[in-house]
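Trainee: I would like to learn how to read a few features of a protein model, taking each idea in general before turning to the case at hand. Could we go through one together?

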Amino acid sequence: MTGTFPNISISTERLVLRPLDEDDAPALAEMMNDEQVGAWTAVPQPYTEAQAHRWITRYAPAERAAGRGVDLAVTEFLTQRLVGIVQLARTDWHVRSTELSYITAPWARGEGYASEAALATAQWLLGDQKFERVELRTAADNTASQQVAQKIGCISEGVLRGACIARTRTEDGAWTEVRTDYIVWSLLPEDLEGAGDELADSGGFTSFSDWN
């Protein structure tokens, strides 16, 4: 059984999550060239505006049409500035499970945007879309991503040893690959109870408005 994610927009107090648009290409390319993105993702480095345009116009629509996942731009509600990306991938429509990942632009870190966007997406998936499981995988040394998983109520399930390829800079400034572990996290519908309250208490966000 295969489904397709709808073209949706999700609103929170501070953010709007929406499909990527061609106008996002310059900001997306700038975000993807950040050192932390280079270290913890498989995004090509350097990352060009042409590659961003292909992602927006070809890859993202193809993934959604095939039912494999969806890519959402995370924008500030007031400024409409692109502050991150939320991606769903490896979706299993029979099991009603998908893998969630997120990237935050360097200029938007420290604001709780990743937690707010990830939790909004999980609430939409486990509520409106009737999914039964959301999975996250974080590299063993990527503490910032692990903190997001913890903030939104994820349960740590264990370690996939040697399953992740990260990157680090060599002395001459080039990237080199290093093998590390994945920590696997999950969210089930019952795990979401109180997650929004905890984020509000920690200053991550106040409350969610209705879905668009």
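Trainee: Which residues lie nearest the centre of the largest pocket, and how many residues line it?

Mentor: This is a predicted model, in which local features need pLDDT of at least 70 and side-chain atom pairs count only at pLDDT 80 or more, while totals for chains, interfaces and linings use all residues. Residues are numbered from 1 along each chain as its sequence is written, and side-chain values use heavy atoms, with hydrogens and water left out. A pocket is an open set of points on a 1 Å grid over the protein atoms alone, where a 1.4 Å probe fits, with protein on both sides within 12 Å along at least five of seven lines; lining residues have an atom within 4 Å of a point. Here 49 residues line the largest pocket, and W40, T41, S101, Y102 and I103 lie nearest its centre. The space in this pocket is about 1,500 Å³, a volume being the space filled by probe spheres set on the points, which are joined across faces, edges and corners.

Trainee: Which element gives the largest share of that lining?

Mentor: Strands are DSSP runs of E with at least two residues, and helices are runs of H or I with at least four, numbered from the N terminus. The largest share, 6 residues, comes from β5.

Trainee: In which sense, parallel or antiparallel, does β5 pair with β4, and in which with β6?

Mentor: Two strands pair if DSSP finds at least two bridges between them. β4 (residues 82–92) pairs with β5 in the antiparallel sense over 7 bridges, and T104 in β5 is the bridge partner of G84. With β6 (residues 133–139), β5 pairs in the parallel sense over 3 bridges, where R133 in β6 is the bridge partner of S97.
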